[in-house]
Amino acid sequence: MKRSRINDIMQAADGMIREYGFVLPPFAYWTPAEFAARRDAGQIAARRMGWDITDYGQGRFDRMGLFLFTLRNGMLADLQRGGGMCYAEKLLISRQDQLSPMHTHVIKAEDIINRGGAALVIELYGSDDAGGFAPDRGGVVMCDGIARAYAPGEKLRLAPGESVTLMPGDWHAFWGEGGDVLIGEVSTVNDDLTDNIFREPIGRFAEIEEDEAPLHLLVSDYDRWLKG
């Protein structure tokens, strides 16, 4: 993805988020130079909080992609010992017919919440005995506290205010139907480096073409831009 496109997506996403009554935290608006100069921002980078825009390495953002902003995130060590900050929270934007491809998580359980906009469609499959994608298996999810069985390939449609709880092993893909959707995600600790298992062999992060300076850093920029 070109950096100029990423910058445009950031600005449009910030506008949509504000339209639905949310405001991103102050660190969202730091320039790269401001971020690098902060001596108190180590935990933001370590917990990989911030902007995340991906085309899954496929170069077709409008067809397959996702906007995310990690608002808060615990540490895996806390989750492993069963105490401390064991949770995370994100805002996502799924554009109309923009696919977030079929995947599951080994560790993370998550509530996916339609915060506003159009319908959010979530396609569901179960796992085989080894945790792999099972085209002939369904499962059970919780929808706003109510258990709901799903058949293989069933599509849930969440209206604004509705949510689904996905557990490790619930394979899922999602997209906006009839328009763009602002999504909330509340989960256990989020680890996008190792805990996204895709059905197809695709990447989690975009490859960036630096055609202009970044407006704000992506979480995938931190290792390169914030060394030392």
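Predicted model: local features only at pLDDT ≥ 70, side-chain atom pairs only at ≥ 80, totals over all residues.
Reader: Why is Asp 78 called buried?

Author: Buried means under 20% relative accessible area. Asp 78 comes in at 16% relative accessibility, so it counts as buried. You'll find Asp 78 in helix H4, residues 76-81. Not counting residues up to four places away in sequence, Asp 78 touches Gly 83, Gly 84, Met 85 and Cys 86.

Reader: What does Leu 226 contact, leaving aside its neighbours within four places in sequence?

Author: The partners of Leu 226 are Phe 35, Ala 36, Ala 45, Leu 217 and Asp 221.

Reader: Which residues of H1 are buried, and what covers them?

Author: The buried ones are Arg 3, Ser 4, Ile 6, Asn 7, Ile 9, Met 10, Ala 13, Asp 14, Met 16 and Ile 17. Their cover includes strands S1, S2, S3 and S11 (171-188), plus helix H5 (222-225).

Reader: What makes S1 and S2 a pair?

Author: Two strands pair if there are at least two bridges between them, so we look at the bridges. Strand S1 (residues 50-54) is joined to S2 by five bridges, and the two run antiparallel. One of these links is Asp 52 with its partner Leu 68 in S2.

Reader: How many bridges are there between S2 and S3?

Author: Six, again in the antiparallel sense, with S3 spanning residues 87-94. Look for Phe 69 opposite Leu 91 in S3. S2 itself, residues 66-73, is mostly covered, as seven of its eight residues are buried.

Reader: How do you know that S4 and S11 pair?

Author: The cut-off is at least two bridges, so a count of two is enough. S4 and S11 have two bridges and run antiparallel. Ser 100 stands opposite Phe 174 in S11.

Reader: Which other strands does S11 join?

Author: S3 is joined to S11 by eight bridges, antiparallel, and Ala 88 has Ser 187 as its partner there. S5 is joined to S11 by 14 bridges, also antiparallel, with Asn 114 opposite Ile 183. S11 is mostly covered too: 13 of its 18 residues are buried.

Reader: What makes a group of residues a nonpolar core?

Author: The members must be buried, of nonpolar kinds such as Leu or Phe, and joined through side-chain atoms within 4.5 Å. The largest core here has 29 residues, and those with the most contacts inside it are Leu 24, Ile 44, Trp 51, Ile 53, Phe 67 and Phe 69. H1, S1, S2 and S3 each supply at least two residues of this core. H1 gives the most, six residues. Apart from this core lies another, of 21 residues, among them Leu 92, Ala 118, Cys 143 and Ile 183.

Reader: Why is one space called a cavity and another a pocket?

Author: In a cavity a 1.4 Å probe fits but cannot get out, whereas a pocket is open, so the way out decides the name. Counting those of 30 Å³ or more, there are two cavities. The largest cavity has a volume of about 150 Å³. Its lining has 19 residues, with Leu 66, Leu 68, His 103, Glu 185 and Asn 196 nearest its centre. S11 gives the largest share of that lining, three residues.

Reader: What is the volume of the largest pocket, and which residues are closest to its centre?

Author: The volume of the largest pocket is about 220 Å³. It is lined by 17 residues, and closest to its centre are Arg 47, Arg 48, Asn 73, Asn 190 and Asp 191. S1 and S2 are the elements that give two or more residues to its lining.

Methods. Residues numbered from 1 in each chain as written. Heavy atoms only, no water. Buried < 20%, exposed > 50% of the residue type's maximum accessible area, 1.4 Å probe, protein only. Helix = DSSP H or I, 4+ residues; strand = E, 2+ residues; numbered from the N terminus. Contact = heavy atoms within 4.5 Å. 1 Å grid on protein atoms, 1.4 Å probe; cavity = no way out; pocket = protein on both sides within 12 Å on 5 of 7 lines; lining within 4 Å. Points joined across faces, edges and corners; volume = space filled by probe spheres on them.
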